[in-house]
Amino acid sequence: SAGRVKALLTVIFCGAYTLCTGAGASIVRAFLFILLNETARLTGRSASTASVLFSALLIQLVTDPGSIESVGFQLSYAAMAGIAFIFPWMKSLWPGKPHEDKALAKCTRWIWNSASMSISCQITTGPLAWYYFNSFPMHFMLTNLIALPLTGLIIPSALAVMLLSSMGLCPGFMIR
């Protein structure tokens with residue numbers, strides 16, 4: 001079926017990306033999340049973020065025990081722990097039901113959810129950042145609220161530029 005083909009292509013593409021980038025600890029964690037989520041979806045099982053987090057952690061530590069010493073590994077799993085365990089609670093603090101929101105409420109809910117995600121990750125990664133780098137990112141909220149929507153524009157645009165450029169169809173101003 002189309003769902004299986006899509007899942008297979010997603011896993012293959014992400015696996016290739018993981019290998020091409022050197023399979024750093026945080027990239028491997030992301031790949032394992034994708035692999036486990038796609039596997040769960042295809043087998044009709046539900047996969048909570050927490051179960052995927054612990055499964056990926058176990059797989060990664062069994063296959064590469066030394067990865068636990070990587071700062072990237074620690075920060076990546078700490079951020080995901082914040083998303084799995086703190087973010088749902090913070091997200092639920094916003095009143096009302098998302099499907100009942102009008103336009104302005106949708107916008108403010110999106111800002112709240114983005115801020116909640118950012119705070120959740122900072123709660124769990126902040127102590128590690130302080131330990132390893134003797135600093136704490138003071139402007140994380142502002143930069144994340146700006147970076148999140150821009151990422152949604154920049155990544156597809158970059159992919160389009162690469163594709164058009166490889167075909168010789170991309171105007172120079174877009175490449176710059």
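Mentor: In this predicted model, a helix is a DSSP run of H or I with at least four residues, and the runs are numbered from the N terminus. With that in mind, α5 (103-133) and α6 each give at least two residues to the lining of the largest pocket.

Trainee: How many helices and strands does the protein chain have, and how do the elements run from the N terminus on?

Mentor: The protein chain has seven helices and zero strands, and its order from the N terminus is accordingly written α-α-α-α-α-α-α. Its C-alpha trace spans about 50 × 45 × 40 Å along the principal axes, and buried residues account for 27% of the 176 residues.

Trainee: What makes a residue part of the lining of the largest pocket, and which residues are they?

Mentor: A lining residue must have an atom within 4 Å of a pocket point. The residues that line the largest pocket are Ser114, Met117, Ser118, Cys121, Asn144, Ala147, Leu148 and Thr151, and the pocket holds about 180 Å³ of space.

Trainee: How is that lining divided into nonpolar, polar and charged residues?

Mentor: The lining has four nonpolar residues, four polar residues and no charged residues. Cys counts as nonpolar under the class rule, as do Met, Ala and Leu, whereas Asp, Glu, Lys and Arg would have counted as charged.

Trainee: What makes Leu142, Ile146, Leu150, Leu153 and Ile154 a nonpolar patch on the surface?

Mentor: A patch takes residues with over 30% relative accessible area and no salt bridge, and its nonpolar side chains are joined within 5 Å. Isoleucine 146, for instance, has a relative accessible area of 44%, so this residue passes the cut-off of over 30%. Isoleucine 146 belongs to helix α6 (residues 140-166), and the five patch members Leu142, Ile146, Leu150, Leu153 and Ile154 together have about 490 Å² of accessible area.

Trainee: Why is isoleucine 146 called partly exposed?

Mentor: Buried means under 20% and exposed means over 50%; the 44% of isoleucine 146 lies in between, and therefore the residue is partly exposed.

Trainee: How do you know that glutamate 38 and arginine 41 form a salt bridge?

Mentor: The rule asks for a side-chain nitrogen of Lys or Arg within 4 Å of a carboxyl oxygen of Asp or Glu. The closest N and O atoms of glutamate 38 and arginine 41 are 2.6 Å apart, so the pair meets that cut-off of 4 Å. Both residues lie in helix α2, three residues apart, which is about one turn of the helix. In general, side chains of opposite charge can pair when their charged atoms come close.

Trainee: How many salt bridges does the rule give, and what is the distance, N to O, for arginine 109 and aspartate 101?

Mentor: The count is two salt bridges.

Trainee: What is noted about phi of alanine 23 and of asparagine 134?

Mentor: Most residues other than glycine have a negative phi. Alanine 23, however, has a phi near 55°, a positive value, and it sits in the loop between α1 (2-20) and α2 (25-42). Asparagine 134 also has a positive phi, near 55°, and its place is the loop between α5 and α6.

Trainee: Why is asparagine 134 called exposed?

Mentor: Exposed means over 50%, and asparagine 134 reaches 59% relative accessibility, so it counts as exposed. Alanine 23, with 33%, is partly exposed.

Trainee: Where is leucine 53, and what makes it buried?

Mentor: Leucine 53 is placed in helix α3 (residues 49-63). Its relative accessibility is 4%, and because buried means under 20%, leucine 53 counts as buried.

Key
Residues are numbered from 1 along each chain as its sequence is written. This is a predicted model: local features need pLDDT of at least 70, side-chain atom pairs count only at pLDDT 80 or more; totals for chains, interfaces and linings use all residues. Side-chain values use heavy atoms; hydrogens and water are left out. Patches are made of residues with over 30% relative accessible area and no salt bridge: like charges are joined within 9 Å, nonpolar side chains (Val, Leu, Ile, Met, Phe, Trp, Tyr) within 5 Å. Accessible areas come from the Shrake-Rupley method with a 1.4 Å probe; for residues, only the protein chains shown count as cover. Buried means under 20% relative accessible area, exposed over 50%, partly exposed in between (1.4 Å probe, protein chains only). On a 1 Å grid over the protein atoms alone, a cavity is a set of points where a 1.4 Å probe fits but cannot get out, and a pocket is an open set with protein on both sides within 12 Å along at least five of seven lines; lining residues have an atom within 4 Å of a point. Grid points are joined across faces, edges and corners, and a volume is the space filled by probe spheres set on the points.
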